[in-house]
Amino acid sequence: MTRFEWRGGPASVRFESVLDPVELTHEGGDLWAAEVEMPAKLRVTYHFFSEGEEHADPANPAGAGPNRSLFTTPDLEPQPHWPVVGPDEVLDVPSLRIRWNGALGRKTVRVHQGGEPVVLLFDGDDWMYVHPAVAAFESAVKNGEMPPATLVFLPTPRDRDAEYNSPELWQAIRDELLPLLASNGVAVDLSRFVVAGQSLGGLSAFRAALDFPSLVTKVACQSGSFWWKRDLPRHGLSLDGPAGGEIAERLGALPDLSGLRVAFDVGEHEPRMHRHCSVVEELAAQAGATVRVDRSPAGHDRVGWRHALVRDVAWLLS
């Protein structure tokens, strides 16, 4: 059992994608608390919800932005490379800022210039402002686990479903973003170009390897939304459809993926994702791709994805 304490008014503790919210019990004065039975081997993002507002745990030094905290069960080792960042700390952002005005509208792309290979990070706002990706990658480089790399932070779209499933996205990346990067001194060697995405971002990254095989040959995919299928309810947003969704249908034709190198990861604690991810992993390997498969001790949660992100990019560049 793990004890969570909050001082103030009535509150609940809420966990990212695993466990139901737990109401805290008043223990006297301003102290509210609950003991929660946590699953074994779990990393999870959580917060307190009180009087209509979300709060990080003031007793926990490990934060994820101003209103989230990170918890790890004691049966897991600390994640390498990711520093402990308090909820009140403001992370430095990469100094190179590029204005991208094109088919997708106006975007601001930040770039950390670290080395020759370029890594495109989907949902870049999270990896800049919430989870310190630059520090983690620099630590891995210093430890000799990967070569220095340039990180390109693609800003998180307002409508992730619409943009990450739009055929215009990768056309714009190819025809607009990559030339814009080159004009700002960031030349992209496509033989070492890595695309990394999570959830819908992971789906988009893998789909790009099918639609633009000369552009995308190295993919790091964490908890890819392979359940997505255009004709499912809510514009394809359903985990109850056919295993692997649209991507499995396309892979069933066994395209030649011998030029693709892809690292898949999905959380142990998101079981409804497993049948979708497993079938895509198997079909990609059958189509000739070089495939790595891992399972992280987390749910649908960036605290699990962040370890896989560094590890898998390092593997892709090895």
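**Strands, rings and cysteines in a predicted model**

Biologist: How many bridges join β4 to strand β5 (residues 31-36)?

Modeller: In this predicted model, β4 and strand β5 (residues 31-36) run antiparallel. Within this pairing, Thr 25 stands opposite Ala 33 in β5. The number of bridges that join β4 to β5 is 3.

Biologist: Which strands stand at the edges of the sheet?

Modeller: An open sheet is formed by 3 strands in the order β1-β5-β4, with antiparallel pairing. An edge strand here has a single partner strand, so one of its sides is left without a neighbour in the sheet. The strands at the edges are therefore β1 and β4.

Biologist: How many of the 8 residues of β6 are buried?

Modeller: A residue counts as buried when its relative accessible area is under 20%. β6 is largely enclosed by the rest of the structure. Of its 8 residues, the number buried is 7.

Biologist: Which residue in β6 stands opposite Ser 12?

Modeller: Strand β2 (residues 12-15) pairs with β6 over 4 bridges, in the antiparallel sense. Opposite Ser 12, β6 places Phe 49.

Biologist: Which residue in β8 stands opposite Thr 45?

Modeller: β6 also pairs with β8 in the antiparallel sense, over 4 bridges. The residue in β8 opposite Thr 45 is Leu 70.

Biologist: Which residue takes a positive phi in the hairpin of β6 and β7?

Modeller: β6 and strand β7 (residues 53-55) pair over 3 bridges in the antiparallel sense, and Phe 48 stands opposite His 55 there. The hairpin has 2 residues between the strands. The residue with a positive phi, near 50 degrees, is Glu 51.

Biologist: To what does the count of aromatic pairs come?

Modeller: Two rings pair if their centres lie within 6.5 Å. By this rule, the number of aromatic pairs is 12.

Biologist: How many degrees lie between the planes of Trp 6 and Phe 48?

Modeller: Trp 6 and Phe 48 form a tilted aromatic pair, 5.4 Å centre to centre. The pair ties together parts that are 42 residues apart in sequence, because Trp 6 lies in strand β1 (residues 2-7) and Phe 48 in strand β6 (residues 43-50). Trp 6 and Phe 48 are both buried. The angle between their planes is 40 degrees.

Biologist: Are the rings of Phe 122 and Tyr 164 stacked or edge-to-face?

Modeller: The ring centres of Phe 122 and Tyr 164 are 4.9 Å apart, and their planes stand at 65 degrees. Planes over 60 degrees apart count as edge-to-face, so the pair of Phe 122 and Tyr 164 is edge-to-face.

Biologist: In which helix does Tyr 164 lie?

Modeller: Phe 122 is in the loop between β11 (118-121) and α1 (124-129), and its pair with Tyr 164 links distant parts of the chain, 42 residues apart. Phe 122 is buried at 0% relative accessibility, and Tyr 164 is buried with a relative accessible area of 1%. The helix that holds Tyr 164 (residues 160-164) is α3.

Biologist: What is the relative accessible area of Pro 297?

Modeller: Pro 297 lies in the loop between β16 (290-296) and α9 (302-316). Its contacts include Lys 41, Leu 76 and His 269. Pro 297 is partly exposed, with a relative accessible area of 24%.

Biologist: Over the face of which residue does Arg 261 lie?

Modeller: Arg 207 lies over the face of Trp 228, at 5.4 Å from the ring centre. Arg 261, at 4.1 Å from a ring centre, lies over the face of Trp 315.

Biologist: To how many disulfides does the count come?

Modeller: The sulfur of Cys 221 has its closest cysteine sulfur in Cys 277, at 6.7 Å, which is too far for a bond. Cys 221 is buried, with a relative accessible area of 1%, and Cys 277 is buried at 2%. A disulfide needs sulfur atoms within 2.5 Å, and by this rule the number of disulfides is 0.

Note on methods: Residues numbered from 1 in each chain as written. Predicted model: local features only at pLDDT ≥ 70, side-chain atom pairs only at ≥ 80, totals over all residues. Heavy atoms only, no water. Phe/Tyr/Trp six-rings, centres within 6.5 Å; stacked < 30°, edge-to-face > 60°. Buried < 20%, exposed > 50% of the residue type's maximum accessible area, 1.4 Å probe, protein only. Lys NZ or Arg CZ within 6 Å of the ring centre and 35° of its normal. Contact = heavy atoms within 4.5 Å. Pairing = 2+ DSSP bridges. Lists of a residue's contacts leave out its neighbours within four places in sequence.
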